[in-house]
Amino acid sequence: MAAAVAKVPALISSAVAQARPKFAIFMKYAKVELAPPKLSEIPQIKAGIAKLLSSAKSGAWKQQTVKQATLNTLVGAEVIFWFYIGECIGKRHFVGYDV
């Protein structure tokens, strides 16, 4: 037992050494991907929404491949599920609000 306890600091230091580069990569992408949009990006967002609405009105969604439609459906489902999980966390109950 004492030998196992003596190995713990070495295991922790090796785990930290291995996690450090992965954490640096995570932080590099987190700074870019999790940042709110800048004011200069607002026109691009408006153009993207307009393009999405015009393609929905014109029926361009009918020309998608099965793979594209499946991926779009999965992304939509993920957004809905995260919304519901946020609702459950916010109200602190699975069903209804605590009145």
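Student: In what order do the elements of the chain run from the N terminus on?

Tutor: Happy to walk through it; keep in mind that this is a predicted model. The chain has 3 helices and 0 strands. From the N terminus on, the order therefore reads α-α-α.

Student: Which helix has the highest confidence, and which the lowest?

Tutor: For the chain as a whole, the mean pLDDT is 89, with 96% of residues at 70 or more. Confidence is lowest in helix H1 (residues 2-33), at a mean of 89. The highest value, 93, belongs to helix H2 (residues 42-58).

Student: What radius of gyration does the chain have, against that of a compact globule?

Tutor: Let's begin with the extent of the C-alpha trace, which spans about 70 × 45 × 35 Å along its principal axes. A compact globule of 99 residues would come out near 13 Å, but the radius of gyration of the chain is 23 Å.

Student: What share of the 99 residues is buried?

Tutor: A residue counts as buried under 20% relative accessible area. The accessible surface of the chain totals about 9,400 Å², and carbon and sulfur atoms hold 70% of that. Buried residues make up 3%.

Student: How far does helix H3 reach from its first C-alpha to its last?

Tutor: Helix H3 covers residues 66-91, which is 26 residues. At 1.5 Å a residue, 38 Å is expected. The model comes close to that, with 37 Å.

Student: How far apart are the mean positions of the positive and negative charges?

Tutor: The chain carries 13 positive and 5 negative charges. Their mean positions are separated by 10 Å.

Technical notes:
Residues are numbered from 1 along each chain as its sequence is written. This is a predicted model: local features need pLDDT of at least 70, side-chain atom pairs count only at pLDDT 80 or more; totals for chains, interfaces and linings use all residues. Side-chain values use heavy atoms; hydrogens and water are left out. Helices (H or I, at least four residues) and strands (E, at least two) are DSSP runs, numbered from the N terminus. The radius of gyration is taken over C-alpha atoms; the globule rule is 2.2 Å times the number of residues to the power 0.38. Buried means under 20% relative accessible area, exposed over 50%, partly exposed in between (1.4 Å probe, protein chains only). Accessible areas come from the Shrake-Rupley method with a 1.4 Å probe; for residues, only the protein chains shown count as cover. Lys and Arg count as positive and Asp and Glu as negative; His and the chain ends are not counted. The place of a charge is taken as NZ of Lys, CZ of Arg, CG of Asp or CD of Glu. The expected span of a helix is 1.5 Å times one less than its number of residues. pLDDT is the predictor's confidence in each residue, from 0 to 100.
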